[in-house]
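Good morning, colleagues. Please have the sequence and the model open before you.

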Amino acid sequence: LSERLQKAFSGLRRKGKVSESDIRDAMREIRLALLEADVNFDVVKTFIKNVRTKALGAEVLESLTPSQQIIKIVNDELVKTMGEAAVPLNKAPHIPTVIMMAGLQGAGKTTTVGKLSKYLMDNDSARPLLIAADVYRPAAIDQLQTIGKQLNVPVFEMGTDVDPVEIVRQGLATAKENKNDYVLIDTAGRLQIDEKLMNELKNIKELAHPNDILLVDDAMTGQAAVDVAKGFNEQLDITGVVLTKLDGDTRGGAALSIRAVTGKPIKFIGQGEKMDALDVFYPDRMANRILGMGDMLTLIDKAQKNYDEKQAMEMAEKIRENSFDFNDFLDQMDQISKMGPLEDIMKMIPGMANNKALANVKMDPKDIAHMKAIVYSMTPQEREDPDLLNPSRRRRLAAGSGRPVVEVNRMIKQFNQSKQMMNQMSKGNMKGLDGLMGG
Ligand code: GDP
Ligand code: MG
(Lines give C-alpha, C1' and ligand atoms only; values in the text may rest on other atoms or scores of the structure.)
(Ligands and ions follow the chains in the order given, each with its own letter.)
Protein backbone atom coordinates (compact mmCIF):
# COMPACT_ATOMS: atom_id res chain seq x y z
CA LEU A 1 0.00 0.00 0.00
CA SER A 2 2.67 2.48 0.92
CA GLU A 3 4.42 2.08 -2.41
CA ARG A 4 1.25 2.78 -4.35
CA LEU A 5 0.42 5.76 -2.20
CA GLN A 6 3.87 7.21 -2.62
CA LYS A 7 3.41 6.87 -6.35
CA ALA A 8 0.18 8.79 -6.05
CA PHE A 9 2.03 11.61 -4.38
CA SER A 10 5.00 11.68 -6.70
CA GLY A 11 2.81 13.14 -9.42
CA LEU A 12 2.36 16.21 -7.26
CA ARG A 13 5.90 17.45 -6.95
CA ARG A 14 5.27 20.90 -8.32
CA LYS A 15 5.07 23.92 -6.10
CA GLY A 16 2.11 26.13 -5.39
CA LYS A 17 -1.56 25.65 -4.78
CA VAL A 18 -3.34 22.36 -4.84
CA SER A 19 -5.40 22.45 -8.00
CA GLU A 20 -8.56 20.52 -8.71
CA SER A 21 -6.79 18.40 -11.27
CA ASP A 22 -4.01 17.64 -8.77
CA ILE A 23 -6.67 16.39 -6.43
CA ARG A 24 -8.51 14.42 -9.07
CA ASP A 25 -5.34 12.63 -10.14
CA ALA A 26 -4.21 11.92 -6.62
CA MET A 27 -7.64 10.65 -5.61
CA ARG A 28 -7.71 8.22 -8.51
CA GLU A 29 -4.35 6.80 -7.51
CA ILE A 30 -5.20 6.63 -3.83
CA ARG A 31 -8.49 4.92 -4.61
CA LEU A 32 -6.71 2.27 -6.66
CA ALA A 33 -4.04 1.83 -4.02
CA LEU A 34 -6.63 1.24 -1.33
CA LEU A 35 -8.70 -1.17 -3.38
CA GLU A 36 -5.58 -3.06 -4.32
CA ALA A 37 -4.69 -3.31 -0.64
CA ASP A 38 -8.01 -5.00 -0.07
CA VAL A 39 -9.60 -2.15 1.78
CA ASN A 40 -13.36 -2.52 2.00
CA PHE A 41 -15.13 -0.82 -0.91
CA ASP A 42 -17.43 1.33 1.23
CA VAL A 43 -14.52 2.40 3.38
CA VAL A 44 -12.61 3.47 0.28
CA LYS A 45 -15.59 5.47 -0.94
CA THR A 46 -16.01 7.36 2.31
CA PHE A 47 -12.28 7.81 2.65
CA ILE A 48 -11.88 9.36 -0.79
CA LYS A 49 -14.91 11.56 -0.31
CA ASN A 50 -13.54 12.96 2.94
CA VAL A 51 -10.05 13.48 1.60
CA ARG A 52 -11.35 15.23 -1.48
CA THR A 53 -13.57 17.56 0.53
CA LYS A 54 -10.72 18.45 2.84
CA ALA A 55 -8.25 18.92 0.01
CA LEU A 56 -10.59 21.25 -1.87
CA GLY A 57 -11.32 23.25 1.22
CA ALA A 58 -7.74 23.27 2.42
CA GLU A 59 -6.41 26.66 3.27
CA VAL A 60 -3.63 27.43 0.86
CA LEU A 61 -0.33 27.04 2.62
CA GLU A 62 2.45 28.50 0.58
CA SER A 63 4.98 26.72 2.71
CA LEU A 64 3.86 23.29 1.54
CA THR A 65 3.85 21.62 -1.82
CA PRO A 66 0.58 20.13 -3.11
CA SER A 67 2.01 16.71 -2.44
CA GLN A 68 2.77 17.57 1.15
CA GLN A 69 -0.66 19.04 1.71
CA ILE A 70 -2.39 15.98 0.36
CA ILE A 71 -0.08 13.61 2.24
CA LYS A 72 -1.06 15.41 5.41
CA ILE A 73 -4.77 15.21 4.64
CA VAL A 74 -4.54 11.54 3.68
CA ASN A 75 -2.61 10.78 6.84
CA ASP A 76 -5.12 12.55 9.05
CA GLU A 77 -7.96 10.69 7.36
CA LEU A 78 -6.17 7.36 7.84
CA VAL A 79 -5.78 8.07 11.53
CA LYS A 80 -9.42 9.10 11.80
CA THR A 81 -10.63 6.00 9.96
CA MET A 82 -8.74 3.80 12.38
CA GLY A 83 -10.17 5.54 15.42
CA GLU A 84 -7.70 8.34 16.37
CA ALA A 85 -6.39 6.97 19.67
CA ALA A 86 -5.43 3.66 21.22
CA VAL A 87 -8.26 1.99 23.15
CA PRO A 88 -7.16 0.18 26.31
CA LEU A 89 -8.58 -3.03 27.70
CA ASN A 90 -11.56 -2.77 30.02
CA LYS A 91 -10.93 -3.48 33.65
CA ALA A 92 -13.39 -4.97 36.10
CA PRO A 93 -14.05 -3.00 39.29
CA HIS A 94 -13.54 -6.22 41.25
CA ILE A 95 -11.11 -8.95 40.25
CA PRO A 96 -11.02 -10.93 38.13
CA THR A 97 -11.17 -9.02 34.86
CA VAL A 98 -12.45 -11.51 32.31
CA ILE A 99 -11.21 -11.47 28.73
CA MET A 100 -12.81 -13.81 26.26
CA MET A 101 -11.28 -14.64 22.90
CA ALA A 102 -13.32 -15.40 19.81
CA GLY A 103 -12.39 -16.05 16.23
CA LEU A 104 -12.03 -18.51 13.43
CA GLN A 105 -9.75 -21.52 13.62
CA GLY A 106 -6.12 -20.62 13.05
CA ALA A 107 -6.62 -16.88 13.55
CA GLY A 108 -4.31 -16.92 16.57
CA LYS A 109 -6.63 -17.12 19.60
CA THR A 110 -4.54 -19.52 21.65
CA THR A 111 -1.31 -17.72 20.80
CA THR A 112 -2.93 -14.39 21.67
CA VAL A 113 -4.10 -15.69 25.05
CA GLY A 114 -0.44 -16.34 25.81
CA LYS A 115 0.79 -13.03 24.41
CA LEU A 116 -1.86 -11.08 26.23
CA SER A 117 -1.15 -12.74 29.57
CA LYS A 118 2.51 -11.87 29.11
CA TYR A 119 1.54 -8.31 28.23
CA LEU A 120 -0.62 -8.06 31.36
CA MET A 121 2.10 -9.50 33.57
CA ASP A 122 4.67 -7.10 32.16
CA ASN A 123 2.46 -4.00 32.23
CA ASP A 124 -0.03 -4.59 35.03
CA SER A 125 1.80 -7.10 37.27
CA ALA A 126 -1.07 -9.43 36.51
CA ARG A 127 -1.61 -12.92 37.97
CA PRO A 128 -3.71 -14.40 35.20
CA LEU A 129 -5.48 -17.73 34.88
CA LEU A 130 -5.98 -19.21 31.44
CA ILE A 131 -9.07 -21.29 30.73
CA ALA A 132 -8.93 -23.97 28.05
CA ALA A 133 -12.43 -23.95 26.57
CA ASP A 134 -11.58 -25.33 23.14
CA VAL A 135 -12.65 -28.95 23.57
CA TYR A 136 -12.84 -29.99 19.94
CA ARG A 137 -9.18 -30.61 19.36
CA PRO A 138 -7.11 -32.29 22.10
CA ALA A 139 -4.08 -30.54 20.67
CA ALA A 140 -5.63 -27.18 21.52
CA ILE A 141 -5.45 -27.92 25.25
CA ASP A 142 -1.86 -29.14 24.96
CA GLN A 143 -0.96 -26.00 23.07
CA LEU A 144 -2.35 -23.78 25.84
CA GLN A 145 -0.62 -25.93 28.49
CA THR A 146 2.70 -25.48 26.70
CA ILE A 147 2.21 -21.72 26.56
CA GLY A 148 1.22 -21.68 30.24
CA LYS A 149 4.39 -23.56 31.22
CA GLN A 150 6.52 -21.29 29.09
CA LEU A 151 5.12 -18.16 30.75
CA ASN A 152 4.67 -19.74 34.15
CA VAL A 153 0.94 -19.07 34.11
CA PRO A 154 -1.65 -21.56 35.43
CA VAL A 155 -4.03 -23.18 32.94
CA PHE A 156 -7.47 -24.44 33.96
CA GLU A 157 -8.67 -27.42 31.91
CA MET A 158 -11.14 -30.29 32.17
CA GLY A 159 -10.19 -32.29 29.12
CA THR A 160 -12.32 -32.58 26.02
CA ASP A 161 -15.43 -34.34 27.36
CA VAL A 162 -16.93 -31.45 29.28
CA ASP A 163 -19.20 -28.70 27.96
CA PRO A 164 -17.14 -25.53 27.40
CA VAL A 165 -19.65 -23.45 29.36
CA GLU A 166 -19.17 -25.73 32.36
CA ILE A 167 -15.40 -25.47 32.01
CA VAL A 168 -15.64 -21.69 32.07
CA ARG A 169 -17.95 -21.79 35.11
CA GLN A 170 -15.51 -23.90 37.09
CA GLY A 171 -12.53 -21.98 35.76
CA LEU A 172 -13.99 -18.70 37.02
CA ALA A 173 -14.66 -20.25 40.41
CA THR A 174 -11.04 -21.40 40.55
CA ALA A 175 -9.83 -17.91 39.65
CA LYS A 176 -11.89 -16.40 42.46
CA GLU A 177 -10.56 -18.92 44.90
CA ASN A 178 -6.97 -18.29 43.86
CA LYS A 179 -7.47 -14.53 43.60
CA ASN A 180 -6.33 -14.36 40.01
CA ASP A 181 -6.83 -10.80 38.79
CA TYR A 182 -7.25 -11.72 35.13
CA VAL A 183 -8.99 -14.63 33.45
CA LEU A 184 -8.33 -15.26 29.79
CA ILE A 185 -10.69 -17.65 28.07
CA ASP A 186 -9.41 -19.54 25.04
CA THR A 187 -12.33 -20.69 22.90
CA ALA A 188 -12.82 -22.95 19.92
CA GLY A 189 -12.96 -21.69 16.37
CA ARG A 190 -14.42 -23.00 13.16
CA LEU A 191 -13.31 -22.60 9.61
CA GLN A 192 -16.32 -20.40 9.08
CA ILE A 193 -18.87 -18.66 11.22
CA ASP A 194 -21.60 -21.19 11.99
CA GLU A 195 -24.56 -21.28 14.31
CA LYS A 196 -23.22 -23.93 16.65
CA LEU A 197 -20.03 -22.00 17.27
CA MET A 198 -21.89 -18.75 17.80
CA ASN A 199 -24.33 -20.34 20.23
CA GLU A 200 -21.47 -21.77 22.25
CA LEU A 201 -19.74 -18.41 22.36
CA LYS A 202 -22.97 -16.65 23.30
CA ASN A 203 -23.47 -19.10 26.16
CA ILE A 204 -19.95 -18.52 27.43
CA LYS A 205 -20.50 -14.78 27.17
CA GLU A 206 -23.75 -14.97 29.12
CA LEU A 207 -22.13 -16.95 31.89
CA ALA A 208 -18.80 -15.14 32.15
CA HIS A 209 -19.88 -11.52 31.54
CA PRO A 210 -16.49 -10.76 29.99
CA ASN A 211 -15.11 -7.27 30.37
CA ASP A 212 -13.66 -7.67 26.91
CA ILE A 213 -14.67 -9.95 24.08
CA LEU A 214 -11.76 -9.76 21.71
CA LEU A 215 -12.16 -11.00 18.19
CA VAL A 216 -8.86 -12.49 17.09
CA ASP A 217 -8.72 -11.84 13.37
CA ASP A 218 -6.11 -12.77 10.77
CA ALA A 219 -4.90 -9.68 8.87
CA MET A 220 -3.49 -11.77 6.06
CA THR A 221 -6.97 -12.74 4.95
CA GLY A 222 -7.62 -9.12 3.96
CA GLN A 223 -11.21 -8.45 2.98
CA ALA A 224 -12.33 -11.73 4.59
CA ALA A 225 -11.01 -10.49 7.95
CA VAL A 226 -13.38 -7.56 7.68
CA ASP A 227 -16.35 -9.83 6.93
CA VAL A 228 -15.40 -12.01 9.88
CA ALA A 229 -15.26 -8.97 12.15
CA LYS A 230 -18.67 -7.85 10.92
CA GLY A 231 -20.16 -11.31 11.50
CA PHE A 232 -18.75 -11.81 14.98
CA ASN A 233 -19.70 -8.31 16.01
CA GLU A 234 -23.30 -8.75 14.89
CA GLN A 235 -23.62 -12.00 16.81
CA LEU A 236 -21.49 -11.35 19.88
CA ASP A 237 -21.24 -7.58 20.19
CA ILE A 238 -17.46 -7.77 20.57
CA THR A 239 -15.59 -5.04 22.46
CA GLY A 240 -12.46 -5.05 20.36
CA VAL A 241 -10.24 -6.77 17.85
CA VAL A 242 -6.78 -8.26 17.99
CA LEU A 243 -5.47 -8.16 14.46
CA THR A 244 -2.89 -10.92 14.07
CA LYS A 245 -0.22 -11.78 11.51
CA LEU A 246 0.41 -8.18 10.59
CA ASP A 247 4.03 -9.26 10.21
CA GLY A 248 2.93 -11.12 7.09
CA ASP A 249 0.45 -8.58 5.81
CA THR A 250 2.08 -5.86 3.77
CA ARG A 251 -1.13 -4.38 2.47
CA GLY A 252 -2.76 -3.23 5.66
CA GLY A 253 -6.26 -3.27 4.20
CA ALA A 254 -7.90 -5.03 7.14
CA ALA A 255 -6.38 -2.66 9.68
CA LEU A 256 -7.90 0.23 7.82
CA SER A 257 -11.37 -1.23 7.30
CA ILE A 258 -12.27 -2.97 10.56
CA ARG A 259 -13.00 0.04 12.71
CA ALA A 260 -14.99 1.74 9.99
CA VAL A 261 -17.08 -1.35 9.25
CA THR A 262 -17.73 -2.59 12.80
CA GLY A 263 -17.34 0.56 14.87
CA LYS A 264 -15.19 -1.54 17.21
CA PRO A 265 -11.58 -0.65 17.97
CA ILE A 266 -8.56 -2.73 17.14
CA LYS A 267 -6.94 -2.95 20.57
CA PHE A 268 -3.84 -4.98 19.79
CA ILE A 269 -1.88 -6.23 16.84
CA GLY A 270 0.05 -9.47 16.57
CA GLN A 271 3.29 -9.24 14.69
CA GLY A 272 4.86 -12.67 15.05
CA GLU A 273 4.56 -16.08 16.63
CA LYS A 274 6.59 -15.34 19.75
CA MET A 275 4.99 -14.41 23.04
CA ASP A 276 6.32 -10.85 22.97
CA ALA A 277 5.03 -10.16 19.46
CA LEU A 278 1.95 -8.27 20.62
CA ASP A 279 1.61 -4.50 20.48
CA VAL A 280 -0.97 -1.95 21.44
CA PHE A 281 -2.66 -0.65 18.32
CA TYR A 282 -1.94 3.03 17.70
CA PRO A 283 -3.89 4.46 14.75
CA ASP A 284 -1.27 7.14 14.06
CA ARG A 285 1.56 4.63 13.93
CA MET A 286 -0.44 2.38 11.65
CA ALA A 287 -1.24 5.33 9.39
CA ASN A 288 2.45 6.05 9.25
CA ARG A 289 3.16 2.47 8.33
CA ILE A 290 0.46 2.42 5.67
CA LEU A 291 1.69 5.67 4.15
CA GLY A 292 5.32 4.71 4.45
CA MET A 293 6.35 8.31 4.97
CA GLY A 294 8.58 7.79 7.95
CA ASP A 295 8.72 10.89 10.03
CA MET A 296 8.22 13.08 7.02
CA LEU A 297 4.81 13.91 8.43
CA THR A 298 6.17 15.31 11.65
CA LEU A 299 8.43 17.37 9.51
CA ILE A 300 5.53 18.56 7.39
CA ASP A 301 3.73 19.51 10.56
CA LYS A 302 6.63 21.59 11.72
CA ALA A 303 7.16 23.10 8.32
CA GLN A 304 3.51 23.94 8.09
CA LYS A 305 3.76 25.90 11.27
CA ASN A 306 7.00 27.71 10.84
CA TYR A 307 8.87 27.38 7.65
CA ASP A 308 9.28 30.11 5.15
CA GLU A 309 9.35 28.35 1.87
CA LYS A 310 10.93 31.13 -0.10
CA GLN A 311 13.86 31.29 2.23
CA ALA A 312 14.16 27.53 2.14
CA MET A 313 14.25 27.54 -1.63
CA GLU A 314 16.94 30.19 -1.68
CA MET A 315 18.90 28.24 0.88
CA ALA A 316 18.64 25.06 -1.16
CA GLU A 317 19.86 26.99 -4.18
CA LYS A 318 22.84 28.35 -2.23
CA ILE A 319 23.69 24.91 -1.00
CA ARG A 320 23.66 23.65 -4.54
CA GLU A 321 25.87 26.49 -5.69
CA ASN A 322 28.07 26.06 -2.66
CA SER A 323 27.87 29.80 -1.97
CA PHE A 324 26.51 29.50 1.53
CA ASP A 325 27.96 32.28 3.67
CA PHE A 326 27.51 33.85 7.10
CA ASN A 327 24.51 35.88 5.97
CA ASP A 328 22.79 32.63 5.08
CA PHE A 329 24.01 31.18 8.33
CA LEU A 330 22.17 34.00 10.12
CA ASP A 331 18.97 33.34 8.17
CA GLN A 332 19.31 29.69 8.84
CA MET A 333 19.67 30.27 12.54
CA ASP A 334 16.53 32.39 12.54
CA GLN A 335 14.60 29.62 10.88
CA ILE A 336 16.07 27.02 13.14
CA SER A 337 15.08 28.91 16.22
CA LYS A 338 11.55 28.92 14.84
CA MET A 339 11.55 25.24 13.91
CA GLY A 340 13.35 23.58 16.75
CA PRO A 341 16.76 21.97 17.09
CA LEU A 342 18.51 21.33 13.81
CA GLU A 343 19.62 17.89 14.82
CA ASP A 344 16.01 16.88 15.44
CA ILE A 345 14.94 18.19 12.10
CA MET A 346 17.70 16.40 10.28
CA LYS A 347 16.89 13.14 12.00
CA MET A 348 13.43 13.26 10.55
CA ILE A 349 14.60 13.34 6.97
CA PRO A 350 14.73 9.77 5.65
CA GLY A 351 18.31 8.65 5.30
CA MET A 352 19.76 11.43 7.45
CA ALA A 353 19.28 9.83 10.82
CA ASN A 354 22.72 8.28 10.97
CA ASN A 355 24.68 11.01 9.31
CA LYS A 356 27.95 11.47 11.21
CA ALA A 357 28.17 15.19 10.60
CA LEU A 358 24.99 15.59 12.61
CA ALA A 359 26.63 14.39 15.75
CA ASN A 360 28.60 17.64 15.84
CA VAL A 361 25.68 19.94 15.27
CA LYS A 362 24.21 21.11 18.55
CA MET A 363 22.17 24.20 18.87
CA ASP A 364 20.38 25.71 21.77
CA PRO A 365 18.56 29.05 21.68
CA LYS A 366 21.15 30.77 23.85
CA ASP A 367 23.95 29.53 21.59
CA ILE A 368 22.07 30.86 18.62
CA ALA A 369 21.84 34.31 20.21
CA HIS A 370 25.58 34.28 20.89
CA MET A 371 26.38 33.14 17.38
CA LYS A 372 24.26 35.89 15.96
CA ALA A 373 26.13 38.44 18.08
CA ILE A 374 29.40 37.19 16.61
CA VAL A 375 28.13 37.33 13.04
CA TYR A 376 26.82 40.85 13.63
CA SER A 377 30.36 41.91 14.53
CA MET A 378 31.65 40.84 11.13
CA THR A 379 32.18 43.23 8.25
CA PRO A 380 30.08 42.56 5.14
CA GLN A 381 33.22 41.22 3.43
CA GLU A 382 33.87 38.80 6.26
CA ARG A 383 30.30 37.54 6.18
CA GLU A 384 30.57 36.76 2.51
CA ASP A 385 34.07 35.34 2.64
CA PRO A 386 34.66 33.44 5.87
CA ASP A 387 38.21 32.60 4.77
CA LEU A 388 39.19 36.16 5.68
CA LEU A 389 38.75 35.34 9.35
CA ASN A 390 42.36 35.11 10.52
CA PRO A 391 43.32 35.10 14.23
CA SER A 392 43.50 38.87 14.62
CA ARG A 393 40.09 39.34 13.01
CA ARG A 394 38.72 36.63 15.28
CA ARG A 395 40.01 38.52 18.32
CA ARG A 396 38.25 41.62 17.05
CA LEU A 397 34.99 39.65 16.67
CA ALA A 398 35.34 38.37 20.22
CA ALA A 399 35.76 41.88 21.55
CA GLY A 400 32.90 43.17 19.40
CA SER A 401 30.43 40.49 20.43
CA GLY A 402 31.50 40.14 24.03
CA ARG A 403 32.11 36.42 23.56
CA PRO A 404 35.39 34.60 24.30
CA VAL A 405 37.75 33.86 21.41
CA VAL A 406 37.31 30.10 21.86
CA GLU A 407 33.65 30.57 21.22
CA VAL A 408 34.31 32.57 18.06
CA ASN A 409 36.57 29.77 16.89
CA ARG A 410 33.99 27.17 17.76
CA MET A 411 31.30 28.99 15.87
CA ILE A 412 33.41 29.31 12.75
CA LYS A 413 34.19 25.64 13.00
CA GLN A 414 30.50 24.87 13.31
CA PHE A 415 29.72 27.05 10.35
CA ASN A 416 32.25 25.13 8.28
CA GLN A 417 30.86 21.81 9.42
CA SER A 418 27.35 22.90 8.71
CA LYS A 419 28.37 24.02 5.25
CA GLN A 420 30.21 20.82 4.62
CA MET A 421 27.27 18.79 5.77
CA MET A 422 24.84 20.60 3.56
CA ASN A 423 27.22 20.21 0.72
CA GLN A 424 27.25 16.47 1.28
CA MET A 425 23.50 16.46 1.39
CA SER A 426 23.07 18.39 -1.79
CA LYS A 427 25.29 15.88 -3.55
CA GLY A 428 24.02 12.73 -1.96
CA ASN A 429 20.86 12.48 -0.04
CA MET A 430 18.95 15.35 -1.49
CA LYS A 431 15.75 13.48 -2.10
CA GLY A 432 14.18 14.00 1.29
CA LEU A 433 15.23 17.59 1.47
CA ASP A 434 14.11 18.26 -2.06
CA GLY A 435 10.65 17.08 -1.20
CA LEU A 436 10.69 19.17 1.92
CA MET A 437 11.78 22.26 0.13
CA GLY A 438 9.29 21.80 -2.62
CA GLY A 439 11.70 21.32 -5.31
P1 GDP B 1 -6.26 -20.44 16.99
O2 GDP B 1 -6.73 -21.62 16.20
O3 GDP B 1 -7.10 -19.24 16.73
O4 GDP B 1 -6.12 -20.73 18.44
O5 GDP B 1 -4.82 -20.06 16.41
P6 GDP B 1 -3.38 -20.36 17.04
O7 GDP B 1 -3.12 -19.50 18.21
O8 GDP B 1 -3.21 -21.83 17.23
O9 GDP B 1 -2.45 -19.84 15.87
C10 GDP B 1 -2.44 -20.41 14.59
C11 GDP B 1 -1.07 -20.19 13.96
O12 GDP B 1 -0.88 -18.82 13.71
C13 GDP B 1 0.07 -20.63 14.84
O14 GDP B 1 1.05 -21.25 14.06
C15 GDP B 1 0.60 -19.33 15.43
O16 GDP B 1 1.97 -19.42 15.73
C17 GDP B 1 0.35 -18.39 14.28
N18 GDP B 1 0.21 -17.00 14.71
C19 GDP B 1 -0.61 -16.48 15.65
N20 GDP B 1 -0.46 -15.12 15.73
C21 GDP B 1 0.49 -14.79 14.82
C22 GDP B 1 1.09 -13.53 14.42
O23 GDP B 1 0.78 -12.45 14.92
N24 GDP B 1 2.03 -13.61 13.45
C25 GDP B 1 2.37 -14.79 12.86
N26 GDP B 1 3.29 -14.75 11.92
N27 GDP B 1 1.84 -15.96 13.21
C28 GDP B 1 0.90 -15.98 14.19
MG1 MG C 1 -6.65 -22.38 19.51
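I begin with His209: with 10 C-beta neighbours inside 10 Å, His209 counts as exposed. The cut-offs are these: a residue is buried if 20 or more other C-beta atoms lie within 10 Å of its own, exposed if 12 or fewer, and partly exposed in between, with C-beta atoms placed from the backbone. His209 sits in the loop between helix 8 (195–208) and strand 5 (212–218), and its phi is near 40°, a positive value in a residue other than glycine. Helices (H or I, at least four residues) and strands (E, at least two) are DSSP runs, numbered from the N terminus.

A word on conventions. The model is predicted: local features need pLDDT of at least 70, side-chain atom pairs count only at pLDDT 80 or more, and totals for chains, interfaces and linings use all residues. Residues are numbered from 1 along each chain as its sequence is written, while chains are lettered from A and ligands numbered from 1 in the order in which they are written.

Two further backbone features deserve mention. Ser125, in the loop between helix 5 and strand 2 (128–133), has a phi near 45°, again positive in a residue other than glycine. Ser125 counts as exposed because it has 8 C-beta neighbours inside 10 Å. Ile95 and Pro96 are joined by a cis peptide bond, with omega about 0°; Pro96 belongs to the loop between helix 4 (66–81) and strand 1 (97–102). For context, most residues other than glycine have a negative phi, and most peptide bonds are trans.

Let us turn to the whole. The protein has 20 helices and eight strands, and 42% of its 439 residues count as buried.

Which residues have the most contacts inside the largest nonpolar core? They are Leu130, Ile131, Ile185 and Leu243, in a core of 85 residues. At least three residues of this core come from each of domain 1 (2–81) and domain 2 (97–281), the bounds being taken from an automatic or database domain assignment. Another core lies apart from it, with 10 residues, including Phe326 and Phe415. By nonpolar core I mean a set of buried Ala, Val, Leu, Ile, Met, Phe, Trp, Tyr and Cys residues joined through C-beta atoms within 7 Å.

Strand 7 (residues 266–270) has five of its five residues buried. Strand 7 pairs with strand 6 (residues 240–244) in the parallel sense over three bridges, and with strand 8 (residues 278–280) in the antiparallel sense, also over three bridges; pairing requires that DSSP find at least two bridges. Phe268 of strand 7 is the bridge partner of Val242, and the partner of Phe268 in strand 8 is Val280.

What surrounds ligand 1? There are 19 residues, the closest being Gly108, Lys109, Thr110, Thr111 and Gly270; a residue is near a molecule if its C-beta atom, placed from the backbone, lies within 6 Å of it. Helix 5 (residues 109–124) gives the most to this shell, with three residues.

Finally, Gln223 is found in helix 9 (residues 223–236). It is partly exposed because 15 other C-beta atoms lie within 10 Å. Gln223 and Ile258 are 35 residues apart in sequence and 9.4 Å apart in space, C-alpha to C-alpha.
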